[in-house]
Amino acid sequence: MKKRVMAVYDVDPFFAERFAEAANQKEKMPFTVMAFTSMERLRRFAQENPIELLLVDVGAADEAREIGAGQVVLLSDGEMVQSPEEGPSVYKYQSADHIIREVMACYGASPLSPQGKISSASARILGVYSPVNRCLKTSFALTMGQILGKEERVLYLNFEDCSGMRRIMDQQGPGDFSDVLYYYTQQGGLNWARLKSLVYSWDDLDYILPVRYPEDLCQISGEEMAELLLKIGGEGMYQVIIVDAGQFGRKVLPILEICQGIYMPVKQDWISAAKVEEFEEYVQVSGHGELLERIQKVRLPYHSSFGGRQNYLDQLLWGELGDFVRQLLKGRPAGGPAGTRH
């Protein structure tokens with residue numbers, strides 16, 4: 001599908017060109033980004049090519065409105081422009097990733113034009129859930145996401161009460177899954193532009209930071225969460241969504257129902273086994289017994305060699321757990337009886 005055009009005009013040729021180069025390197029970028037340092041060239045281009053989104057130096061705001069772009073976002077080099085008449089603005093002296101997120105937030109606040117809607121086959125949803133604690137569930141989900149992300153567009157979502165993701169990813173930026181819930185339940189809908197404004201990346205894996213407060217997850221039912229995931233999957237941005245269901249409690253079953261694959265990390269001690277048995281009994285009596293046939297239990301390789309936070313994610317991918325996940329995804333045995341169907 002042909003991408004829409006995001007044009008960038010700035011009097012500083014290095015800024016416009018560097019930003020366009022960085023943005024175009026992102027495979028999941030829904031725009032082709034073109035840099036302009038001449039307003040006349042920009043006008044000539046716009047006469048023959050529709051511009052969906054125009055980023056322009058605040059000093060050229062009046063000229064930019066004559067271009068006829070779908071939306072104009074101003075690039076500010078100092079104080080942010082707050083006047084509604086001036087339109088939305090972003091601070092330009094920050095990383096390209098931050099600029100893209102802020103621009104997508106501005107773009108997502110406006111209704112999408114008909115040609116702006118992305119249509120694609122729905123993403124397949126993979127669930128990772130276990131009633132057992134400290135079973136490497138999140139490490140497994142992150143590793144699987146990174147490996148699948150080498151060949152597909154993958155989004156990771158974490159529904160744990162206290163996930164630690166901000167510290168794991170060393171990311172304290174604004175925007176998290178609470179905003180997704182707000183857009184979905186209070187603002188009349190969620191579109192790909194709003195979603196893109198909340199996405200961060202760890203190499204080949206995209207993720208949205210989990211909710212800051214567990215109470216936010218209590219405000220939505222399991223059925224509503226399942227509908228939201230299907231909505232995200234239908235936006236066409238991703239081919240795979242990995243749902244780290246955490247301790248979503250007994251509301252987790254509607255989420256697992258929409259998953260094409262379900263992985264359950266387990267442990268061998270009898271207390272862990274008792275928790276799994278209790279969960280399976282609940283699944284049966286609640287009328288979801290068919291789920292048990294789709295759950296793949298995995299006993300993950302434990303390790304003692306991992307270092308501190310700086311190297312942990314890389315060691316996940318290239319250590320024993322990474323090897324295990326690669327074999328699992330290929331459908332081959334991974335080091336003995338670790339991967340078993342229910």
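Biologist: Where is Asp 170 in this model?

Modeller: In this predicted model, Asp 170 sits in the loop between helix 6 and helix 7 (177-186).

Biologist: Why is Asp 170 called exposed?

Modeller: Its relative accessible area is 58%. The cut-off for exposed is over 50%. Asp 170 is therefore exposed.

Biologist: What is the phi of Asp 170?

Modeller: Near 50°. That is a positive value, in a residue other than glycine.

Biologist: Which loop holds Leu 136?

Modeller: The loop between strand 6 (124-128) and helix 5 (137-148). Phi of Leu 136 is also positive, near 70°.

Biologist: Is Leu 136 buried or exposed, and how do you know?

Modeller: The relative accessible area of Leu 136 is 15%. Buried means under 20%. So Leu 136 counts as buried.

Biologist: What makes Ser 163 buried?

Modeller: Ser 163 has a relative accessible area of 15%. The limit is under 20%, so Ser 163 is buried. Its place is the loop between strand 7 (154-158) and helix 6 (165-168).

Biologist: What does the side chain of Ser 163 reach, and why is that a polar contact?

Modeller: It reaches the backbone nitrogen of Met 165 at 3.2 Å.

Biologist: Why is Gly 246 called buried?

Modeller: Its relative accessibility is 0%. Gly 246 lies in the loop between strand 10 (240-244) and helix 11 (252-257).

Biologist: What does Gly 246 touch beyond four places in sequence?

Modeller: Val 128, Tyr 129, Ser 130, Lys 137 and Glu 160. The C-alpha atoms of Gly 246 and Cys 162 are 9.2 Å apart, across 84 residues of chain.

Biologist: Which members of the largest nonpolar core touch the most other members?

Modeller: Met 6, Phe 19, Phe 177 and Met 225, out of 69 residues. Helix 4 (residues 96-108) gives this core its largest share, seven residues.

Biologist: What is Met 6 in contact with, leaving aside neighbours within four places in sequence?

Modeller: Its contacts include Phe 19, Met 29, Phe 31, Leu 53, Val 103 and Met 104.

Biologist: Which residues belong to the second core?

Modeller: That separate core has 30 residues, among them Val 154, Tyr 207, Leu 313 and Leu 317.

Key:
Residues numbered from 1 in each chain as written. Predicted model: local features only at pLDDT ≥ 70, side-chain atom pairs only at ≥ 80, totals over all residues. Heavy atoms only, no water. Core = buried A, V, L, I, M, F, W, Y, C linked by side-chain atoms within 4.5 Å. Buried < 20%, exposed > 50% of the residue type's maximum accessible area, 1.4 Å probe, protein only. Helix = DSSP H or I, 4+ residues; strand = E, 2+ residues; numbered from the N terminus. Contact = heavy atoms within 4.5 Å. Polar contact = N/O pair within 3.5 Å; in protein donor to acceptor, adjacent residues only side chain to side chain.
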